[in-house]
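Dear colleague,

Please find below the structure that I am handing over to you. My notes on what was found in it follow directly after.

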Amino acid sequence: MKPLLILPLAALFLALAAPAEAAPERMAVVDMIELMSEHPIAKELQRKLDQRESEAEAYAMQEQQALRNLQGEIELMTRSDPNRMIKEKELLTQQTMLKFEIEWRKETALREYMKGLETLYANIHGLVANYARNNGIGIVFLKTSPQITAMDLNDYNAKIRLRGVVYNEPSMDITPQIRAMFGPSAPPPSAPGGNPPPPRRGR
């Protein structure tokens, strides 16, 4: 009888000693594009970009008036005037320098804008990570709008391939919780990282 008793006891011991099945990982989704666009800092960055571009255009208009004045002086000169060629060279030089200056000012403004967005993305990413850790969420997927707008078939296919989540229960969406952390005056971002959306260019 002893062998018959040993087998059930051994089976019971193995069953008790076996590790319990791990609980399924909690998952969530978040709309980073929506959070980026609604963040107070993103709106301030866009305002500064628009202001810098407006200032560059105002400077261009002012300098172009000076170039028109110089052009008028040249037109009053005769072809045989030895100073005409000097003035024409001066005009061409100033036109070239003005074009470079305007492009450089706008490029500098855009670089500062993109740098600000990169640090803002990292800031929001940190909020998402902290919220997930504090609420036992093991993985957060990037949520995108269910509606697709595309310029052509290639654009449409690319957007389909980039969609990481086809469907999620509304309760899995933590976007509102992260948005609530922004507050009326969110703190400035602290570290660069990520791939921000392009700026809104109204000009």
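**Findings**

With a relative accessibility of 8%, V128 counts as buried; buried means under 20% relative accessible area, exposed means over 50%, and partly exposed lies in between (1.4 Å probe, protein chains only). V128 has its place in helix 4. Helices (H or I, at least four residues) and strands (E, at least two) are DSSP runs, numbered from the N terminus. Leaving aside residues up to four places away in sequence, V128 touches V30, M32, V140, I174 and I178, where contact means heavy atoms within 4.5 Å. V128 and Q177 are 49 residues apart along the chain, and their C-alpha atoms are separated by 9.2 Å.

Before going further, please note that this is a predicted model, in which local features need pLDDT of at least 70 and side-chain atom pairs count only at pLDDT 80 or more, while totals for chains, interfaces and linings use all residues. Residues are numbered from 1 along each chain as its sequence is written, and side-chain values use heavy atoms, with hydrogens and water left out.

**The protein as a whole**

The protein has 6 helices and 2 strands, and along the sequence they follow the pattern α-β-α-α-α-β-α-α. Of its 203 residues, 23% count as buried. The accessible surface comes to about 14,800 Å², and 60% of this belongs to carbon and sulfur atoms; such areas come from the Shrake-Rupley method with a 1.4 Å probe, and for residues only the protein chains shown count as cover. Among contacts between residues at least 6 apart in sequence, 81% join residues at least 24 apart.

**The nonpolar cores**

In soluble globular proteins, nonpolar side chains tend to be buried together. A nonpolar core is here a set of buried Ala, Val, Leu, Ile, Met, Phe, Trp, Tyr and Cys residues joined through side-chain atoms within 4.5 Å. The largest nonpolar core has 21 residues, and those with the most contacts inside it are I124, I174 and I178. Strand 1 (27-30), helix 2, helix 3 and helix 4 are the elements that give two or more residues to this core. Helix 4 gives the most, with 8 residues. I178 touches V30, L35, I124, L127, V128 and Y131, not counting residues up to four places away in sequence. Apart from this core lies another, of 7 residues, among them A60, L67, I74 and L91.

**Helix 3 and its cover**

The buried residues of helix 3 include I41, L45, L49, A60, L67, L70 and I74. Helix 2 (32-38) and helix 4 are among what covers the buried residues of helix 3.

L70 lies in helix 3 and, at 7% relative accessibility, counts as buried. It touches K87, E90, L91 and Q94, not counting residues up to four places away in sequence. L70 and L91 are 21 residues apart along the chain, with their C-alpha atoms separated by 6.8 Å.

L91, in turn, has its place in helix 4 and is buried at 7% relative accessibility. With residues up to four places away in sequence not counted, L91 touches L67, L70, Q71 and I74.

E57 is also found in helix 3, but it counts as partly exposed, at 29% relative accessibility. From C-alpha to C-alpha, E57 and K106 are 9.2 Å apart in space and 49 residues apart in sequence.

**Aromatic rings**

How many aromatic pairs does the structure hold? It holds 1. Rings of Phe, Tyr and Trp (its six-membered ring) pair if their centres lie within 6.5 Å; planes under 30 degrees apart count as stacked, over 60 as edge-to-face and the rest as tilted. The pair is F100 and W104, which is stacked, at 6.3 Å centre to centre with 10° between the planes. Because F100 and W104 are 4 residues apart in helix 4 (residues 82-134), they are separated by about one helical turn. An α-helix has 3.6 residues a turn, so residues three or four places apart point the same way. F100 is partly exposed, with a relative accessible area of 48%, and W104 is partly exposed at 42% relative accessibility.

Finally, R105 lies over the face of Y59, at 3.9 Å from the ring centre. A charge sits over a ring if NZ of Lys or CZ of Arg is within 6 Å of the ring centre and within 35 degrees of the ring normal.

Yours sincerely
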